[in-house]
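Thanks for coming. I have one structure to go through today, so let me put it up.

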Amino acid sequence: MEQAIHDRQATGNGLATRSMPMVLMYHSVQPYTEDPYLVTVGPPRFEQQMRWLSRRGLRGVSTAELLAARAAGAGKGLVGLTFDDGYADFAEYALPVLRRYDFTATVFVIAGRLGGDNVWDPAGPRKPLLDAAQVRRLARAGVEIGSHGMQHVSLPAAHGALAAETGGSRRILQDITGQPASGFCYPYGHLDAEVVSAVRAAGYDYGCAIWPSEYAGRHALPRTYIGDADTSPRLWGKAVRHWLTWAHRGPGGARSRPRVA
Ligand SMILES: [Zn+2]
């Protein structure tokens with residue numbers, strides 16, 4: 001009986017839900033003095049975090065690579081690395097470190113704000129976003145480019161703009177990179193049933209959320225926030241928490257649990 005329920009869950013969302021892959025969520029990597037939204041990791045800390053993964057025998061990969069490997073039964077030791085918002089500092093500070101460890105990653109860019117900055121975060125420093133030429137170069141260098149929507153708005157309130165935010169942004173990115181954009185990342189982690197269906201309908205193969213929810217699965221993958229305060233002991237804590245949440249419980253078991261990010 002229990003197995004039948006698990007089988008149905010696995011079929012229902014196209015992902016074996018008894019264990020969720022570990023996907024880390026980053027934003028900006030650069031030297032900084034002010035970071036009111038806690039979205040920045042300094043380069044030495046980022047290097048330390050990648051080294052920590054490598055020394056544990058783990059390899060950081062793009063979400064698409066992670067899901068494909070799991071589907072082929074080869075996901076052991078892989079951890080998803082995602083960078084939200086498409087900050088220009090990715091190319092300068094994150095990519096060289098990823099290359100050194102032979103890691104890959106997914107960058108979720110905002111299709112309607114390429115070359116702009118983080119206008120949705122009114123306080124704190126302006127952070128430039130990758131422009132179209134930089135996005136194209138990263139895609140050619142093997143970085144997975146996913147969509148973070150058109151404008152960085154909370155999608156449950158987007159109503160008439162939902163199709164443009166999901167399908168419209170996908171078309172723009174595919175035109176820029178010449179590659180399929182298979183991943184979508186929900187701005188602010190906000191989603192509901194209508195938003196998740198719009199992401200599926202737009203042809204995305206997967207969606208990245210932040211917190212576990214009743215939609216947890218291939219189109220609402222929970223992720224683990226990693227910040228500048230995450231030293232090695234804290235990374236251990238987050239890894240153990242992920243394992244305790246997902247290794248023995250499906251999304252149903254996590255519904256009543258507190259938010260993890
Ligand atoms: Zn964002």
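Which residues of helix 6 are buried? This is a predicted model, so everything I say about it is computed. The buried residues of helix 6 are Leu162, Glu165, Thr166, Ser169, Arg170, Ile172, Leu173, Ile176 and Thr177. As a reminder, an α-helix has 3.6 residues a turn, so residues three or four places apart point the same way.

What do those buried residues pack against? Three strands are on the list: strand 6 (106-109), strand 7 (144-147) and strand 8 (183-185). Helix 5 (132-140) and helix 7 (193-201) are on it too.

Now the helix itself. Helix 6 covers residues 162-177, 16 residues, and spans 22 Å from its first C-alpha to its last, close to the 22 Å expected. There is still a kink of about 30 degrees, centred on glycine 168. After the helix comes glycine 178, with a positive phi near 70 degrees.

Next, the core. The largest nonpolar core has 60 residues, and the members touching the most others are Phe90, Val107, Val109, Ile145 and Leu191. Beyond its neighbours within four places in sequence, leucine 191 contacts Leu155, Pro156, Tyr186, Val196, Ala209, Tyr215 and Ala220.

Terms used:
Residues are numbered from 1 along each chain as its sequence is written. This is a predicted model: local features need pLDDT of at least 70, side-chain atom pairs count only at pLDDT 80 or more; totals for chains, interfaces and linings use all residues. Helices (H or I, at least four residues) and strands (E, at least two) are DSSP runs, numbered from the N terminus. The expected span of a helix is 1.5 Å times one less than its number of residues. The bend at a residue is the angle between axes fitted to the seven residues ending there and the seven starting there. A residue is buried if 20 or more other C-beta atoms lie within 10 Å of its own, exposed if 12 or fewer, and partly exposed in between; C-beta atoms are placed from the backbone. Two residues are in contact if their C-beta atoms, placed from the backbone, lie within 7 Å. A nonpolar core is a set of buried Ala, Val, Leu, Ile, Met, Phe, Trp, Tyr and Cys residues joined through C-beta atoms within 7 Å.
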